[in-house]
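New notebook page, new structure. I'll jot things down as I look them up.

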Amino acid sequence: MLLVVGMTALVLVAVSVPIAILVGKEVVQRGKQDTIQQASSVGIYLQQGQRTKAEITTYVAEHSKSTGRPVSVLCPDGTLIGTLPAAAGVGSNTPPLDGHGRDNGPGGPSGPGGDGTAPTLTDVSGGVVAVLRAGAGDTGYLVRVYASTDRLHSGETAWWLLLAGGSVGMLLLAAGAAELLTRRIVRPLIDTAETARALSVGDTAARAPTDGPREIAEVGVALNRLADRIDELIAEERETVADLSHRLRTPLTALRLDAEALRDATEAERVGGHVSNLERMLTAVIHAARRPQREGRMPSCDATAVVGDRVAFWSALAEDQERDGTISLPAGPLPVRAGAEDLAAAVDALMENVVAHTPEGTPFTVRLTATEDGARLEVADDGPGLPEDAPVRGRSDRGSSGLGLDIARRVAEAGGGSMTLGATPSGGALITLDLPAP
């Protein structure tokens with residue numbers, strides 16, 4: 001936009017300066033013509049019948065006042081009515097006469113510019129003088145009309161102001177047109193860039209605008225086609241994973257039957273536990289794979305409601321085990337980028353770790369707080385702390401909490417968050433989930 005305004009300003013300057021010079025010259029030329037016409041008007045008045053000196057004096061005074069151009073009339077008897085300012089530069093206000101009563105001064109009938117037929121204009125110091133002989137011979141009047149330089153340039157400022165105003169108006173119009181043009185071009189580009197940024201973080205539902213200039217619209221159409229294709233590929237891939245997971249249920253059922261058929265009850269219980277954990281993970285895979293049909297590509301939920309509901313579910317077991325629980329939740333909704341089922345599974349996994357891996361009666365704390373980027377969920381206890389191999393994926397025996405932590409970690413990272421393992425001041429476990437806002 002600045003380039004367009006700058007170029008317009010240069011063009012206006014290049015055009016306005018010559019116009020301003022021509023306007024000045026035209027104003028001066030009109031001023032000179034008006035001076036000549038004034039002299040002619042005085043001459044016509046003097047030739048219309050016999051005029052007394054009193055009438056001439058009154059006429060000259062009124063004419064000089066109304067036009068702003070001093071007028072002097074030299075009568076045939078040598079009487080001078082009206083005076084010209086000294087700046088007129090024509091010598092004495094009583095010009096020298098020859099023996100016949102004629103003016104021999106500058107602009108007189110016997111001097112330069114006084115031929116007695118029409119007004120003549122003479123440049124003098126400080127302006128111009130129009131001279132006219134009204135009447136013939138010794139009975140004629142000599143009329144002089146003086147116009148100063150300032151008078152000749154009168155009205156020039158108004159024309160220049162009008163020209164300047166027109167130039168400023170044109171500049172404003174150019175700026176407005178440039179702004180509209182810039183918005184028409186830049187806004188679709190900004191929206192297209194935002195769409196590309198949204199696609200890069202996994203929001204395949206984002207679509208670019210297809211209006212605006214043809215070239216930009218074509219980019220938007222191509223980007224939308226790419227997003228549609230990505231959406232189709234993700235849907236196909238997840239559906240394939242879900243189908244494969246369903247196919248695994250048949251051999252999994254057979255494995256459970258074999259485990260139940262074991263004669264050693266302890267061994268049957270151990271193998272059955274492994275099968276149950278495998279079935280649980282398989283169910284989670286199917287749910288995650290088919291999320292596009294249930295929650296969209298970028299699921300979200302109210303963390304306050306989900307955490308509160310799951311903690312209330314586990315509170316009954318905590319009371320049976322005589323555990324003191326400290327629960328801290330926000331007063332209002334706290335949206336996060338995670339599906340309600342996934343976040344519930346993460347909370348269940350963390351609460352199960354507390355119940356299963358700490359002695360009965362061990363206090364625990366659940367705290368959900370809002371952060372600048374979303375929410376933070378902290379689950380802490382006063383137990384013996386996490387084992388060194390706690391983060392190992394897939395471990396599900398009583399001596400490890402790896403499976404539960406892996407579920408919580410995947411829920412946090414799926415939405416762009418993270419999980420942090422730490423310890424409380426008493427040496428217990430402290431697990432923190434940072435969940436971004438949707």
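My notes below cover a sheet, a surface patch and some salt bridges.

I'm working with a predicted model. I started with the strands and found an open sheet of 5, ordered β7-β9-β10-β12-β11, with mixed pairing. β7 (325-328) and β11 (418-423) are the edge strands; each has a single partner, so one side of each has no neighbour in the sheet. On average, neighbouring strands here are turned by 10 degrees against each other, direction ignored.

Then I checked one pair. β10 (residues 374-381) and β12 (residues 429-436) run antiparallel and are joined by 7 bridges. Arginine 376 sits opposite aspartate 434 in β12.

What lies across β7, β9 and β10? I found helix α8 (residues 303-320) there, running at about 175 degrees to β9 (364-370).

**The patch.** I looked for nonpolar surface next. Leu181, Ile185, Val186, Leu189 and Ile190 make a patch of about 410 Å². Leucine 189 belongs to helix α4 (residues 156-200). Its relative accessible area is 45%, so I put leucine 189 down as partly exposed.

**Salt bridges.** How many are there? I get 16 salt bridges. I picked out a few:

- Glutamate 26 and arginine 30 meet at 3.3 Å, N to O; they are 4 residues apart in helix α1 (residues 2-47), so about one helical turn separates them.
- Glutamate 218 pairs with arginine 214 at 3.1 Å, both in helix α5 (residues 214-260). Arginine 214 is exposed at 55%, while glutamate 218 is partly exposed at 44%.
- Arginine 229 and glutamate 232 come to 3.2 Å, also in helix α5, 3 residues apart.
- Asp406, Arg409, Arg410 and Glu413 form a linked network.

Terms used:
Residues are numbered from 1 along each chain as its sequence is written. This is a predicted model: local features need pLDDT of at least 70, side-chain atom pairs count only at pLDDT 80 or more; totals for chains, interfaces and linings use all residues. Side-chain values use heavy atoms; hydrogens and water are left out. Two strands pair if DSSP finds at least two bridges between them. Helices (H or I, at least four residues) and strands (E, at least two) are DSSP runs, numbered from the N terminus. Axes are lines fitted to C-alpha atoms, for helices over the stretch in contact, and angles run from 0 to 180 degrees between N-to-C directions. Contact means heavy atoms within 4.5 Å. Patches are made of residues with over 30% relative accessible area and no salt bridge: like charges are joined within 9 Å, nonpolar side chains (Val, Leu, Ile, Met, Phe, Trp, Tyr) within 5 Å. Accessible areas come from the Shrake-Rupley method with a 1.4 Å probe; for residues, only the protein chains shown count as cover. A salt bridge is a side-chain nitrogen of Lys or Arg within 4 Å of a carboxyl oxygen of Asp or Glu. Buried means under 20% relative accessible area, exposed over 50%, partly exposed in between (1.4 Å probe, protein chains only).
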